[in-house]
Every structure is written in structure tokens, then in C-alpha cells.
Amino acid sequence: MSTPPVRPNEFRALADNPPDVAARLGREMESPVERLKQWLRDVEMRFQTIGQPGGDRSTTGASFGMNRNAVLTRKVELIYRQFPLLMVISMTTAMLFAVVIAHEVGQTVAVLWFGLATAAMVLRVVLYGQFKASPAREDEALRWTLHLFIGAATSGLVWGAAALFYLMIEDAPDRILIIAAVLGAAMTGANWYAAIPRASTAYVLSALAPFALAMFAEPGRGHVALGVIAILLMATLVAISLSLGKLIHEWCVQTARSSNLAKGLEAAYSQLMSEMQQRQQADEHSGETSRKLELLMRQTPLATIEWNQENQVTQWNPAAESMFGYSGAEVIGRSTVIDLIFAEARREQAAEQWQRVMAKREGFQVVTENIARGGLELTCSWAVTPLLDAEGKWIGTIAQARDITANSAEFKALKESQRQLEEAQQLAHVGHWEWDCASRRASFSREALRIFGKPEGWNPTPEELADLVTDANGNGILERVRRAGANQLDEFSIEHCVDDGKGCRQVHSRVRVEYGADGAVLRFIAATQDVTELRSYQQQLHSLAFFDTLTGLPNRALFSDRIGQTITESLWHKDLMGLMVLDLDHFQAINDTLGHALGDHLLREAATRLTECVRAYDTVARLGGDEFAILLPDIREGADLGNIARKIIEAFASPYHLEERELFVTCSIGIVLYPSDGSDANELLRFADSAMYHAKSLGRNNFQFYSAELTERSSARLSLDAHLRQAEKNGELELYYQPQIDLATGRLIGAEALLRWNHPERGLVMPDKFIGIAEDTGLIVPIGEWVLRTGCQTARRWNEHRVDGIVRVAVNLSPRQFRMNDLVGTIRSMLNETGCRPEWIECEITESLLLDDSDGIHGMLLEIAAMGVALSIDDFGTGYSSLGYLNRYPVESIKIDRSFVCNIMTEQDAAELVKAIISMACSLHLKLVAEGVETADQEKFLKSHRCHIGQGWLYGKAMPQAQFEALLPLAKLPQNELFSPLMYVDEPRLADVGA
């Protein structure tokens, strides 16, 4: 930032208007002592007025201060200095953005948005033109600030409207382009308007707030995440702009004051040294005059130190003795006085500055920390001037210092501002540095040195600087500045990498070039930001948007995009393309039984096997859950897809060794061929999904090609799934009851509760049509709770007033109820809620549940049995499992599957198997229920071999509750009265009564 114009202070006036001094020096040498004393008193008075809090405004505040309007004017000038380049960038970006909108949304929307953008830019150009036509005056500062605020808010709203196109575009790259453009516009505007925090805040909020609100209004975890990121970015940019605005303000004020102070000191000391040299020349002709001048120098209150050509102290006046505590005898002749009076952190800098005086014959002013004898810390204002003879040859150096420790509030404030600026830079990972082309020297902020990995005080050569800051094309920073100078560019950006010894860090630098009146480059100033984390976040966002985090495979979005690209290539080359959708068989059971961690491990292993089964240019993607997809371009014929599918099924046939477990997992594959089966990505995926579900319906572990019938069947399944989710809420579920008969006595002793769905359009839906859907979607858990509650209510209704035996209600439990629910707590709660006694209820479980053999399942069954609820194994003999669980688990009864009972009169093997089951159950003291009893011969066979209970159409089909309750009085009939041999040929039978 350039130094703002200021009014000349008292010292500048003294330097620019020396007629009185010249007149005094031009007079005869009469009374030289009195004239010199008066001159030194004038200088001392000016020193004493610098920065005095109560001083005269005409000599202090006016000289070294800066009013509010002047600061605002300088800020407006700083912002508008970058206006032309930013307008070109903004217009270019808007045109490119409009092209994207026209392509994805429509030309009309693009024209409307570009019109708004152009109007906002025209407004800013008009304001800029007015500013250039009428240079800013301090009394118009507030008006220009208001103009900036209006322009910022208008421009921000244009980009805020642009962000809403994100929701209207489905193409992922264009979405990323929109996000990048809006975020870039927000950050660029925030930086540009940083000098005016209100304008910067208005720009950021109007640019990002619409996008954030739109993201929260859209469903989906990804939109919410983008909304949160937008809000965080708004907060960050606003906080940084407020902090930088404050720092810029303080920096402007303090820089102006420090600059004026330095100029005043320069003028005063230049005048002092000039008069001293003139006096020395005059004293060559008058020894008396020289003696008197030396006397005056000893009387000055300024500490005066003189060095000769050998850098030895030749003069150390009483003021220096008083200030620093060392006598002249201790320091005169020494060349290491810097080590005595300068703080350790300042010694190296002081030595370099002294060398510059000797080398370049130019003085300087500086305020620095010094140390007096005994370690007393001082803050001194120094004026250092080279001593030259009549021929301009350097013969020594003279320095004068004034102790300003008591009046260093401004200096401390400046240091505090510098500290805050350094902290802000550290927080934002932004450092600044500059290069002076005349002196070929650089200066770096602490954060810039940290970014570059360089030590404090590092001063590079031009070659070192060029090697450090080099773009991707190998052009160093000095070459880039040379090109900018050739084109008279004010600013440019450069992306480069910095190796700090820990790795390569990505760095972005924005460089501003300053020119002289002749157009030559004077210096350039750069703001450098470490964007390593930002680039990493961008890569992570890209990865999250297009790749599966678990397997590293492309996700559904990227896979759909690749399908579209492959379709385009296939059309051009007239090639065939294959698409497979693959699902792991019974994966949900593995997740529920062995946990999600092992399930995730299995998915990663499956992804590896799939990748190894296809070609390098094929695409394997994970669509979600345990569903994968494979894109196979350039297929010769459809039969090739079958060969690949067989290869995949064979690869999956090998066991998985996961966490010391051996698992066998198969897969089902659906296959489509482009262009014969579909014309776009969505259609192909939908048809492949239908083929995959058809493969599952055929027993799994196979592949099937697509047919139109599969899609219809899949659509019907989806429709049934959607209606099933509302069935319980709409009161469409109902329990039917099938009688259970004691074969020894012929009495009605219980009923099995069977679920039915009264669909409003399909009518009565049987369980085999929807139970599988409920199992797959997890709806079986709430439906199972409804069945349990209703069964308990029914059992209480039937048994609470009975005195001659109970009618037990058997309820089926799904394995998922054990794994996805607190089943023990649910049963206990249902019994308490309905008032049902445990002995009135029986819970039927399948053999597949006992295959788990886990302590959790075992413990749950023990708790259920401990309540007094009976446990029965349904469909016994179909699970292909060890019979050891019959002793291990608290089972009260087993049910012979109907597939065995129906053949006992026609197949000898079936009859022998049923007899074996009955014999085993009797040996283990288990009750035995035979399902599917449909004929009197079957009943006679079962009774003769001591089967306890019969259930089947011989006694009645499953019937509604009201119809079943008509049979309850039959449960009181005496033994053998209800079912005699005559009842199998005479009417009515129980089956007819319950029909």
C-alpha cells in the first residue's frame, strides 16, 4: 500500500524553507555561539513536540495525524486502483458462466442472468467513472464509501442468484464449476473490498447466503453439507474482512504518522548535518569557531556519536554518556559500540544499516530498542548521516539519538498493529513480501517466511528468488514481472510449489507491480497464500462427489456419467456395450449377524475380486449397500457378457477369510446389452436391476439377461413395498387363525396366528407375496411387533375367563426381530400392556435363527423362556443343521414341516422320516406338532405313532378372528367326542365349521 499524501510538518518546513538559517550562516561570523545555541534549541523544541498527547494541533496532530475522511479517501483509492483488471475478470467469468447456464438450463435464463450481471457491472463502471472524473476529496469520502457499498451488494446478489443454478443443473462438472465460480467471486470480492468492511460483508452475504439457504431447503445429506460449508465460508470471509479492514485502517493511520515523523526527522537531521558541515568548513578558517562548535555539540541534549572510516567511535558527547551510562573513555576508539547499546535482536540489523551508510553515502532514520548500562531498556529515535568532505568522499558517520521511551505510545501502537497484522496473516495462511528492483533486496513478513520455509531475516539473491517462485512452465517470478512490465500490467497471479523440507506445498501468489514515471518497474509487492489444504479439500470434495469412500470405486454419479460417455462413443463407433448390476446374496444377514465392520471388510474384498475379473478399461462401481455395477464397453457379442458373468460367479465361489472366519458369499447378476435393451443410462440401470432381482428369485448365485417381463415384475414389487409401509397405519393388516388339535383327545387347544394384508386395490394379499419384501426392507420389525401385540390381545380375550383349559396363540418371530430390536423387552412390554399371561402365548422360531449359535441369541431365548413363554421350532427338518441345539436351547415343541406330512401315505421315505422325528421328540420330551394334515389317513398315521398335535385343512383353514371364535365352545367338549372316526365321513366337520 502506498504512503498517503500528508501535509508537511514542522521539520519539513524547516528543511524546505531555510532562508533564516541561510541568512544567519551568510552573515559575518559575529556571535556564532549564540546563533548555534538558538538553532539547537529550535531543533530540540521540534523533537519535544513530536507525538505529545497534549501538543498543539498545528505542530503535532496536523503534522503526524490523519483525519477520518482522509483515511476513508485513501481506502476508496486503494479499492478502485484494482478496478479495471477486476472488471475484465468479472465480465469474462460472467460470460463463461452464462455459457454454462445456457447449455444446462436454457438460453432464456442465461440471457436474463447475464443481463443482471451486466447491469451490476455497468453500475460499478459508472461509479468508477465518476470517481476518476472527480478525484476523491476528503469531504466526499462518505459518498464514495456508500457507492462502494451499493456496488458490492448489487454484485454480490448477482453471484448469489448464480449459485441457485446449482439446483437446476444435474451435470456434476458443471455443478463444481458453479460452486468454484461463486466461491471464487465471494473470496475475490471479500479481498477487494477488505478496506471497507461493510462493503466486503455486504458482498459476501449477498453472494453466499442464497446458496446456503437453497442447500438447507433441498433434502439430502450432501446439500446440507454444502450449506454448512457455505455458512462457514461466509463467517470466515466476514471475520477476515473485518479483521483486515481494521488492520488496514490502523496501518493507514500509523503509516501516515510514522512516515511524517520519519520525513520530519530526515529534514531536521539533514538540515542539522548540512549546517554542521558548513560550520566545519567555516571553522577551517577559524579555530576559535571550531572550538565553540564542539562546545555546542557537547551541550546539545541529543546523544551524538561519531565514527571514523575504521568504524571506531571518535566522539561520544555528554548526552550519550547520560543516556547510555557509558563514559567517553569507555567507548571512544572502540568498534563494537553497537553490541553495548543495541538490543540483541537489533544488532545485526543495526550493523547492516551502518554498512549501508558507508556503502551508499545515504542517511536514514529509525526508531529502535536500545539498552543502557545495567540492562535498562530504552526506545530511541535515531538520525544517521554520512560525513562527506568537500569532494564528496566519505570520511565518517555521525548519529544522533533522542530517548523517546516516555513518548513511544505511537511506536507501541504501530508495533501492536504489526503484531495483529501478523496474527491475521497467520490465521489466513497469507503472507506478504516485496522486492525493490533498485536495491535488489527483498523483505518478508513472518508468515511469508513460514510459507517459504525460510529463516527470519532471509534476504535472497535474484537467482534464489527466481528458483523459489517458479510457475508450472518454469518461469521465475522475475521473468513474470519482466513480462508484466512489458505489457504494463498492474497485477498478475502465479501458482507455484515450495519445498520446505517436509514436502511440496502448493502456494498461490498475487503480485502487484509499481512503475516509475518512465514506465520502468520500481518494485513489486506480493501476497502469498498456502493453498495446500484448500487444494486437498477440493480433491476430497471431488473424491466424495464421485467415488465410494469404503471401496474407492466410482459411485453412482460417476458411473452414470461414464455410461453416458460410453453410449456416445458406442454410437460413434457402432459398438456394443454391456452393463451388469450385481448384488451379494444374503449380505444383510451377514451384517446383522457378524456386524457392520466385517460387512465393510467383505465389501472391500468383493470390490477387489470384481476389479480383477474385468479388463483395465472396464468400470466397476459401487451403487450403494452391497450393490455393484460393471460397465463393459467394446463388446463383440452378447455371449461375451455371459462368459464374464460366469467368471465373476466362479471368483465369488472361493471362500472369504475375514477376521479368522471363513465365509461363503455368492452373488446374483443382472445383464443388459446396449443398444438392444435400452437407450440411456437410467433405463439401462433400471433394466439391469430387474434382471438381477429375477436372478435372485431363481435361487440366487446365477446371472440373468434382461427381459421386459422382469421390469414389470420389479415395478410391481416396488409398488407393493410402498403400500406396505402404510399398511399398519391404515389398518390394513389382519391376523387369521388356524386351529391346532390335540390328537389324543380331539380337543381344540390352540391356534397359529397367520398374517394377512387387506390391500385396498389387490384385495387379500397372502404372506408369501409380501413377507419377503418386509424382510428385505426391515419392515418386518414393526410389523412383527404389531402381530405380537394383536396375538397377545387375542389370547387374553380367549383365555381370561376360561376355567377348563387354555387356547394358546402361536406367533411367528422373524430372525430380524432378534437382531434389530430389543425383542425380550418388546415381549415383556406387550405382555404387560395387554394383560396377557405368558402361558397363553407361544413364539415360533425357525431353524435358521439357531444356526447363528451366538451367545446373544442363546441368552435372549433363555430370557423369553424364563418369562413362561413357550418356544417352538417351526418347519423342523428343513434347516439342514445339527440337532445339538435341541438340548442347548429352551425349546418346548417342534413342528414337522408340511412337506414331510403330505407324503407320509405315499412315500415310504417320508413316512420313516416322520416316525424318526416323532421318536426323537418323544425321547427328548418335546411336544410335536404336525403341519399340513389334510386327510383322515394322515391323522390316523400320526395318532398311531404318538404325534401330539395336528394342524391343517382337515381341521380348518386359517380364518378371521370372529369366525375362529365361533369354534371356541368346541374346545370344552369331552375327550373323543369332537373327533370320532365317523366325523371323517359325516357332516359337519370342524374344517367345514371353520371354512
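Before I start, residues are numbered from 1 along each chain as its sequence is written, and side-chain values use heavy atoms, with hydrogens and water left out. Because this is a predicted model, local features need pLDDT of at least 70 and side-chain atom pairs count only at pLDDT 80 or more, whereas totals for chains, interfaces and linings use all residues.

Let me begin with the rings. A search of the whole structure gives 11 aromatic pairs, where rings of Phe, Tyr and Trp (its six-membered ring) pair if their centres lie within 6.5 Å, and where planes under 30 degrees apart count as stacked, over 60 as edge-to-face and the rest as tilted. One of these pairs is Phe-652 with Tyr-656, an edge-to-face arrangement with 6.2 Å centre to centre and 65° between the planes. Are these two residues buried or exposed? Phe-652 counts as buried because its relative accessibility is 2%, and Tyr-656 counts as buried at 1%; here buried means under 20% relative accessible area, exposed means over 50%, and partly exposed is in between, with a 1.4 Å probe and protein chains only.

A stacked pair is formed by Trp-798 and Phe-964, at 4.9 Å centre to centre and with 20° between the planes. That pair links distant parts of the chain, since Trp-798 is in helix α29 (residues 780-799) and Phe-964 in helix α38 (residues 961-965), 166 residues apart. Helices (H or I, at least four residues) and strands (E, at least two) are DSSP runs, numbered from the N terminus. Both Trp-798 and Phe-964 are buried. Elsewhere, ring pairs connect Trp-316, Phe-324, Phe-342 and Trp-382 into a cluster.

Turning to charges, we come back to Tyr-656, because Arg-609 lies over the face of that ring, at 3.6 Å from the ring centre. The criterion is that NZ of Lys or CZ of Arg is within 6 Å of the ring centre and within 35 degrees of the ring normal. Lys-957 likewise lies over the face of Trp-953, at 4.3 Å from the ring centre.

Now to helix α28 (residues 767-777), whose buried residues are Phe-770, Ile-773 and Ala-774. Why can we place these three on the same side of α28? They cover an arc of only 100° around the axis, which puts them on the same side, the arc being that of the directions from the helix axis to the C-beta atoms. As background, an α-helix has 3.6 residues a turn, so residues three or four places apart point the same way. After α28 comes Gly-778, with a positive phi near 85°.

A cis peptide bond joins Tyr-674 and Pro-675, with omega about 10°, and Pro-675 lies in the loop between β16 (667-674) and α26 (681-697). Gln-488, although not a glycine, has a positive phi of about 55°; Gln-488 lies in the loop between α20 (477-486) and β8 (491-499), and is partly exposed, with a relative accessible area of 43%. Arg-700, also not a glycine, has a positive phi of about 70° and is found in the loop between α26 and β17 (703-705), where Arg-700 is partly exposed at 28% relative accessible area.
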